[in-house]
Amino acid sequence: LLTLARVNETEGLALSRSSFPWGELADGVVRRFAPRARAEGREIVVELEDPSATVEGDRARLEQALGNLVDNALQYTPAGGTVTARVTPDPFGQVVVLQVEDTGPGIPEQALTKVFKRFYSERPQAEFGKHSGLGLAISKQIVEAHGGVIWAENIRPTDADITSDPLGARFVVGLPV
C-alpha cells in the first residue's frame, strides 16, 4: 500500500536511476524464486535472448515489479508446470522486452484489462481473502514510472483461434533503452 501511495502522490515515485543489464536482473529474480518453485513441484527458467540488453532505471523497484509478476505466475501454475522469464530484443532498438509466462489456466478474457487494478483478483472463491490484489497494480505503477508499458495476454495454441483454451498467461513489460 505504501508503494502505491508513493506512486500516486503528485511528485510520483522517487526513482534512483542507474544503468544495468535487464537479463541480469531477470536471472536474479528467477534464482530467488527457484527454491519455492522446486518445493511446489514447478519449474522456473530464464531465457536471455538478449543478454546484453541494458535499461536505465531503479533496479530495486524494477526487481520488485518483476518479482510480483513471477510470484503471480507461480501462484497460477499447477504442479508440473513451468514459469519462464524471457528477455527479448526489440528489432528497432527502442525498447527491451521482458515476458513472464506460465502454464496455468490463463486469464478470463474480460479480466485481461482488470488484472492491473488495485484489489482486483481473479481467483477461485476458496482463495478469496488470501491475496491482496495489489501485486500487479504495483508492478504496473513501477513500469509506467519508468516510461514503460505492461500488459497481460493469454498464450494460445494458435493466434488464429482466440476461442481455443489458453495454454497459460503472459505478462509483457517493455522499457525504453
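## Terms first

A cavity here is a set of grid points where a 1.4 Å probe fits but cannot get out. With that in hand, let's walk through this predicted model, starting with its sheet.

## The sheet

The strands to look at form an open sheet of 5, in the order β2-β4-β5-β7-β6, and their pairing is mixed. At the edges sit β2 (43-48) and β6 (149-155), each of which pairs on one side only. On average, neighbouring strands of this sheet are turned by 15 degrees against each other, direction ignored.

Within the sheet, β5 (residues 95-102) and β7 (residues 168-176) run antiparallel and are joined by 7 bridges.

Helix α3 (residues 59-76) lies across β2, β4 (82-89), β5, β6 and β7, and runs at about 25 degrees to β5. Helix α4 (residues 135-145) also packs on the sheet, where it touches β6 and β7. The direction of α4 makes about 135 degrees with that of β6.

## The cavity

How many cavities of 30 Å³ or more does the model have? The count comes to 1. The largest cavity holds about 40 Å³ of space.

Which residues line the largest cavity? They are W22, L62, A65, L66, L69, L98, V143 and V173. Helix α3 gives the most to this lining, with 4 residues. By class, the lining has 8 nonpolar residues, with no polar and no charged ones.

Methods:
Residues are numbered from 1 along each chain as its sequence is written. This is a predicted model: local features need pLDDT of at least 70, side-chain atom pairs count only at pLDDT 80 or more; totals for chains, interfaces and linings use all residues. Side-chain values use heavy atoms; hydrogens and water are left out. Two strands pair if DSSP finds at least two bridges between them. Helices (H or I, at least four residues) and strands (E, at least two) are DSSP runs, numbered from the N terminus. Axes are lines fitted to C-alpha atoms, for helices over the stretch in contact, and angles run from 0 to 180 degrees between N-to-C directions. Contact means heavy atoms within 4.5 Å. On a 1 Å grid over the protein atoms alone, a cavity is a set of points where a 1.4 Å probe fits but cannot get out, and a pocket is an open set with protein on both sides within 12 Å along at least five of seven lines; lining residues have an atom within 4 Å of a point. Grid points are joined across faces, edges and corners, and a volume is the space filled by probe spheres set on the points. Ala, Val, Leu, Ile, Met, Phe, Trp, Tyr, Cys and Pro count as nonpolar, Asp, Glu, Lys and Arg as charged, and the others, Gly among them, as polar.
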